[in-house]
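Trainee: I would like to learn how to read salt bridges and surface patches in a model like this one. Could we take them one at a time?

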Amino acid sequence: MNLWALFWVFLAALYFFLPMFGTFDFSLRMKKGELSLLAYKTVLADPQFFQSFSYSVTMGIITVALSIMLFVPTVYWIHLKVPKARPIVEVITILPFVIPVIVFVFGLIRTFSAPPLQMTLSPFKTDILMVAGYIILSMPFMYRAVDVGMRTIDVRSLTEAAQSLGANWIQIMLNVIFPNLRNAILSGSLICFATVIGELILGDFLVRPALGPYMVLVGRDKAYEPAALAIISYALTWACLGLITFLSRGSNSQQQLTGR
């Protein structure tokens, strides 16, 4: 076994886990002289936490559903009909990595706060704008997850076989494409959901009760509760990643048994 490889893995693990351990240890020291879960109890007892958490979860579920409905047919059509457009679409989908979120939010506010497209006059319309913004911000993850999954299947052969059996385009999408992209869609969905849960700028500048702005608000005048919130946020992210791994392994095992 390569000792240098073990050394760098150990160093990377320290770099990643040591700050998390420090944050977790600090969150347990709200009671002077002893370790306790008081900071977590205080956070979970706050009605505003559940309001912001439920709001972000709702926005995350809506964002995931709309992203699936948007990107799966789009990627399918690109692979089937216009493969030459793939480089252009890939450049477009990485724009959220290039354009700062603060610039994106100010563009949304300037565009949709004045006639004729006024979307910031009511909470419902602002929520629609929030979901649209979340879809754009999570686009690199969802698009690439679906695109990678689409590359692993023979789209043209599956489509021609389904059409030869009399299936229309909706039946092809629901009964052929979606089942074959289950792992890819799941991976993109959970990463998209985690992105929405941890997003700050959109909720802050559009003045909506999301989890990110709540964490910032708590951190302004408290010390231990923000650390507890950070650990809860980490736990949600790791839970999403663990769910991806678990369901992917289960699906792969089932496919191997079916193949045998």
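Mentor: A salt bridge is counted here when a side-chain nitrogen of Lys or Arg lies within 4 Å of a carboxyl oxygen of Asp or Glu. Bear in mind that this is a predicted model; by that rule, the count comes to four salt bridges. In one of them, Arg-29 pairs with Asp-25, and the closest N and O atoms are 2.9 Å apart. Arg-29 is partly exposed, with a relative accessible area of 40%, and Asp-25 is also partly exposed, at 22%.

Trainee: Which residue forms a salt bridge with Arg-208, and are the two partners buried or exposed?

Mentor: The partner is Asp-127, with the closest N and O atoms 2.8 Å apart. Arg-208 lies in the loop between helix H11 (201-205) and helix H12 (211-221), whereas Asp-127 belongs to helix H7, so the pair ties together parts that are 81 residues apart in sequence. Both Arg-208 and Asp-127 are buried.

Trainee: Which residues are linked in a network of salt bridges?

Mentor: The network joins Glu-90, Asp-147 and Arg-151. Within helix H7, Asp-147 and Arg-151 are four residues apart, which means that about one helical turn separates them. Asp-147 is buried, at 4% relative accessible area, while Arg-151 is partly exposed, at 45%.

Trainee: And which helices each supply at least two residues of the nonpolar patch?

Mentor: They are helix H4 (86-93), helix H5 (95-98) and helix H6 (101-112). The patch covers about 980 Å², and its residues include Ile-88, Val-98, Phe-106 and Phe-205. Val-98, in helix H5, is exposed, with a relative accessible area of 59%.

Technical notes. Residues numbered from 1 in each chain as written. Predicted model: local features only at pLDDT ≥ 70, side-chain atom pairs only at ≥ 80, totals over all residues. Heavy atoms only, no water. Patch = residues over 30% accessible without salt bridge, like charges linked within 9 Å, V, L, I, M, F, W, Y side chains within 5 Å. Areas by Shrake-Rupley, 256 points an atom, 1.4 Å probe, with all protein chains shown as cover. Buried < 20%, exposed > 50% of the residue type's maximum accessible area, 1.4 Å probe, protein only.
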